[in-house]
Amino acid sequence: HGKAAVGGGAASAGASMGAAAVAADAGRPPIIPKVSVLVPEEQYMWNRERSVKLADRGTGMSRGVLSKAFCYFYSSVKARPTVAEEVGDFDRRVPLAGFGFGLPISRVMARYFAGDIDLNSIPGKGTDVYIYL
């Protein structure tokens, strides 16, 4: 597999974005773990089965959080809006985090196009996301 390290994102986006918002509120720069992106290096493998692995070494997710990750309206983000008036302020800190639609809709879209998305995570060690196209 090919490997490229990409900074500035996280597979366990909810937890990492929540941590970034807390750091930003405290006046510190957010600490967001690097994301490794792996794809097949050989063209024939990519042509046969298109799959991508995104891996971070961030906070990871517990089994309880992982079991709910694809449920609509579920979010592990602590600071999220509770009423419509809060959405404007919320967007400036962490755009669209915490609404519980990102992963469920991503999986629906992947499956619509005959693909899938799977997650594996270990608390304190990070999260792996597998995207099959």
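For this tour, contact means heavy atoms within 4.5 Å. Keep in mind that you're looking at a predicted model.

Start by selecting Tyr-132, which sits in strand S5 (residues 126–132). Leaving aside residues up to four places away in sequence, Tyr-132 touches Glu-49, Arg-50, Ser-51, Gly-115, Asp-116 and Asp-118. Is Tyr-132 buried, partly exposed or exposed? Partly exposed, because its relative accessibility is 29%, and that label covers anything between 20% and 50%.

Next, hop to Tyr-112, in helix H5 (residues 102–112). With a relative accessible area of 65%, Tyr-112 is exposed.

Zoom in on the rings. The model has 3 aromatic pairs. One of them is Phe-73 with Phe-101: the ring centres are 4.8 Å apart and the planes meet at 75°, so this pair is edge-to-face. Phe-73 belongs to the loop between helix H3 (63–68) and helix H4 (87–93), while Phe-101 is in the loop between H4 and H5, so to follow the pair you cross 28 residues of chain. Phe-73 is exposed at 57%, whereas Phe-101 is partly exposed at 32%. Bring Tyr-72 back into view too, as ring pairs link Tyr-72, Phe-73 and Phe-101 into a cluster.

Last stop: select Phe-70 and Arg-107. Here Arg-107 lies over the face of Phe-70, 3.6 Å from the ring centre.

Methods: Residues are numbered from 1 along each chain as its sequence is written. This is a predicted model: local features need pLDDT of at least 70, side-chain atom pairs count only at pLDDT 80 or more; totals for chains, interfaces and linings use all residues. Side-chain values use heavy atoms; hydrogens and water are left out. Helices (H or I, at least four residues) and strands (E, at least two) are DSSP runs, numbered from the N terminus. Buried means under 20% relative accessible area, exposed over 50%, partly exposed in between (1.4 Å probe, protein chains only). Rings of Phe, Tyr and Trp (its six-membered ring) pair if their centres lie within 6.5 Å; planes under 30 degrees apart count as stacked, over 60 as edge-to-face and the rest as tilted. A charge sits over a ring if NZ of Lys or CZ of Arg is within 6 Å of the ring centre and within 35 degrees of the ring normal.
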